[in-house]
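Have your viewer ready and the selection panel open. We will walk through a few stops, one selection at a time.

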Amino acid sequence: MTDAGSGIRERRLARGLTQAELATRAGVSRQLVAAVEASRHSPAVDAALGIARALGTTVEDLFAPNPIEPASALGGLLREGALLRVGQVDTRLVAEELPDHGITGAVWAKPDAVVEHGKLRMLPGAIPAGFVLAGCDPALGVAEALLAGMGPLSLLAVSAPTGRALRAMAAGGVHAAVVHGPPDNLPEPPADVVRWHLARWQVGLAVDRDLHATSVAKVLRSRAPLVQQDPAAVSQQAFERAAQATGRKSLPEGPRATSHLDAARKAHDRGGAGVTIESCARAFDLDFLPLEEHVVELWVDQRWVAHPAFAALGEVLTTPAFTGRVQLFGGYDLTHCGDRIEAA
């Protein structure tokens with residue numbers, strides 16, 4: 001932090017603030033402000049964010065020339081120039097790209113950062129979300145919207161199949177994961193987790209109405225485009241079991257989807273079928289062939305159960321503001337949504 005201390009002091013004095021006043025606005029101690037200004041201490045991410053906000057600037061501008069290394073919440077690579085949503089896990093900033101490259105209408109206003117020359121540049125006014133979870137439930141977007149604007153209590157919901165979400169939690173890239181599967185065949189948790197019930201839903205095939213396909217076998221015989229998902233997706237595994245039950249030894253090649261919504265959209269656009277859940281098929285006015293009923297659960301790493309942002313999320317999940325909106329999608333059984341699942 002070569003020149004950050006003097007830069008903070010200059011900005012503080014320019015705003016007519018004492019060290020104590022800056023500390024109060026930033027939510028830190030006066031001793032920490034003094035140590036940072038004297039270049040004796042590099043603040044943690046949350047303290048740096050508080051100081052930057054209090055001075056009307058960004059962490060990157062304030063603590064240059066040390067740009068933040070971009071870290072993917074899911075452990076992948078972040079492309080140069082990618083528009084990102086950002087959250088904070090412990091003292092790390094993690095990010096994921098906006099869906100569809102950020103071109104879907106209202107999300108143009110949502111990026112928090114961009115990757116430039118291999119570094120993460122936070123955008124003016126952006127505040128990293130306080131709680132980060134990964135999963136494939138489209139309803140997470142409702143929870144994210146209800147918590148928007150709450151600063152450290154806000155939510156970053158990263159779209160990922162169950163397998164990738166659990167790997168991200170094991171690697172410390174997210175606080176929690178949403179998982180689903182047959183009630184008697186859920187995956188093994190990668191850490192000590194506390195579990196909450198979210199929903200029950202059907203996984204299956206969204207099918208263009210013009211195909212008039214009433215079974216998996218008929219979909220496979222139709223040779224229509226078949227949109228499948230990542231092998232780590234539990235819904236994809238359910239489809240593979242159903243296909244094998246028809247006697248098929250191999251699956252046709254076809255487009256891949258990044259989420260349940262993406263699978264339904266591509267099936268609609270191509271006049272074919274896609275591996276998804278019932279609510280997403282309804283969203284695109286497609287027929288739906290159910291394959292399996294799954295339970296949907298929220299698994300939180302035991303270390304983060306007392307996190308204030310998780311408490312805010314837990315409250316949202318039990319409100320009519322959340323359940324009432326999700327029920328409009330159809331395909332969700334929200335009985336006991338938000339209930340903690342006690343260990344057997």
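The tour below goes from an aromatic cluster to a helix, some strands and a loop.

Before you click, note that this is a predicted model, where local features need pLDDT of at least 70, side-chain atom pairs count only at pLDDT 80 or more, and totals for chains, interfaces and linings use all residues. Residues are numbered from 1 along each chain as its sequence is written, and side-chain values use heavy atoms, with hydrogens and water left out.

**Stop 1: the rings**

Select Phe131, Trp196 and Phe310, which ring pairs link into a cluster. Rings of Phe, Tyr and Trp (its six-membered ring) pair if their centres lie within 6.5 Å; planes under 30 degrees apart count as stacked, over 60 as edge-to-face and the rest as tilted. The count by this rule is three aromatic pairs. Zoom in on one of them, Trp196 with Phe310: the pair is edge-to-face, with 4.9 Å centre to centre and 70 degrees between the planes. Trp196 sits in strand E8 (residues 193–207) and Phe310 in helix H12 (residues 308–317), so this pair links distant parts of the chain, 114 residues apart. Helices (H or I, at least four residues) and strands (E, at least two) are DSSP runs, numbered from the N terminus.

Buried means under 20% relative accessible area, exposed over 50%, partly exposed in between (1.4 Å probe, protein chains only).

**Stop 2: helix H9**

Now select residues 234–245, the 12 residues of H9. From first C-alpha to last, H9 reaches 17 Å, close to the 16 Å expected at 1.5 Å a residue (1.5 Å times one less than the number of residues). Among the buried residues here are Val234, Phe239 and Ala243. Step just past H9 to Gly247, which takes a positive phi of about 100 degrees.

**Stop 3: paired strands**

Select strands E1 (residues 83–89) and E3 (residues 113–116), an antiparallel pair with two bridges; strands pair if DSSP finds at least two bridges between them. Leu84 stands opposite Ala113 of E3. The E3 and E4 hairpin has two residues between the strands, and His117 takes a positive phi near 55 degrees.

**Stop 4: a loop threonine**

Finish at Thr57, in the loop between helix H4 (45–54) and helix H5 (59–63). Thr57 counts as buried because its relative accessibility is 16%. Leaving aside neighbours within four places in sequence, Thr57 is in contact (heavy atoms within 4.5 Å) with Arg11, Ala52 and Leu62.
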